[in-house]
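Here's a quick briefing to read with the model open. Grab your viewer and follow along topic by topic.

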Amino acid sequence: IRCRTQQLTVDFHLVTSELLSGDATIHAMLYDGYLFISEDYESVRVGGSYSDSVVLGLPVGATPDRVVFEVEFEGFTVEQTYMLPSGVTP
């Protein structure tokens, strides 16, 4: 059995108050409807602006419709969902 996978790279930008310090964890999850497809984690420094990207596995034939970002810092979690426009993935 073979599982062929492509990759979907999603850029993100996080802005936090300069009064904060330390690290936060970004958890990015890729979905197709209710079906979970893949995930990636990034550790980021808070206290200003931070830009990077996450790389999510994309099985051949999958048609994801959204990316959910969870940012966890000091026991608090903030979630943001971004819908993927059609045609973004093959």
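**Strands and sheet**

E2 and E3 run antiparallel, and 10 bridges join them. This is a predicted model, where local features need pLDDT of at least 70, side-chain atom pairs count only at pLDDT 80 or more, and totals for chains, interfaces and linings use all residues. Residues are numbered from 1 along each chain as its sequence is written, and side-chain values use heavy atoms, with hydrogens and water left out.

- A word on terms: strands (E, at least two residues) are DSSP runs numbered from the N terminus, and two strands pair if DSSP finds at least two bridges between them.

**Nonpolar core**

- The largest nonpolar core has 18 residues, of which Val-10, Leu-30, Val-54, Leu-56, Val-67 and Phe-69 touch the most other members. Such a core is a set of buried Ala, Val, Leu, Ile, Met, Phe, Trp, Tyr and Cys residues joined through side-chain atoms within 4.5 Å.
- Strand E1 (5–15), E2, E3, strand E4 (49–59) and E5 are the elements that give two or more residues to this core.
- Leaving out residues up to four places away in sequence, Val-67 touches Val-10, Ala-28, Met-29, Leu-30, Leu-56, Gln-80, Thr-81, Tyr-82 and Leu-84 (contact means heavy atoms within 4.5 Å).

**Salt bridges**

- Searching the whole structure turns up 2 salt bridges, each a side-chain nitrogen of Lys or Arg within 4 Å of a carboxyl oxygen of Asp or Glu.
- One joins the side chains of Asp-23 and Arg-45 at 3.5 Å, N to O. That pair links distant parts of the chain, with Asp-23 in strand E2 (residues 23–32) and Arg-45 in strand E3 (residues 35–45), 22 residues apart.
- Asp-23 is partly exposed at 45% relative accessible area, while Arg-45 counts as exposed at 53%. Buried means under 20% relative accessible area, exposed over 50%, and partly exposed in between (1.4 Å probe, protein chains only).
- Arg-66 and Asp-65 also meet in a salt bridge, at 3.3 Å, N to O. Arg-66 counts as buried at 19% relative accessibility, and Asp-65 as partly exposed at 23%.

- Ser-51 is found in strand E4 and touches Phe-12 and His-13, not counting residues up to four places away in sequence.
- The side chains of Ser-51 and His-13 are joined by a polar contact of 2.4 Å (a pair of N or O atoms within 3.5 Å; within protein, one must be able to donate a hydrogen and the other to accept it, and residues adjacent in sequence count only if both atoms are side-chain atoms).
- Glu-74 sits in the loop between strand E5 (66–73) and strand E6 (76–83). Glu-74 isn't a glycine, yet has a positive phi of about 55°, and is exposed at 61% relative accessible area.

Conventions: Helices (H or I, at least four residues) and strands (E, at least two) are DSSP runs, numbered from the N terminus.
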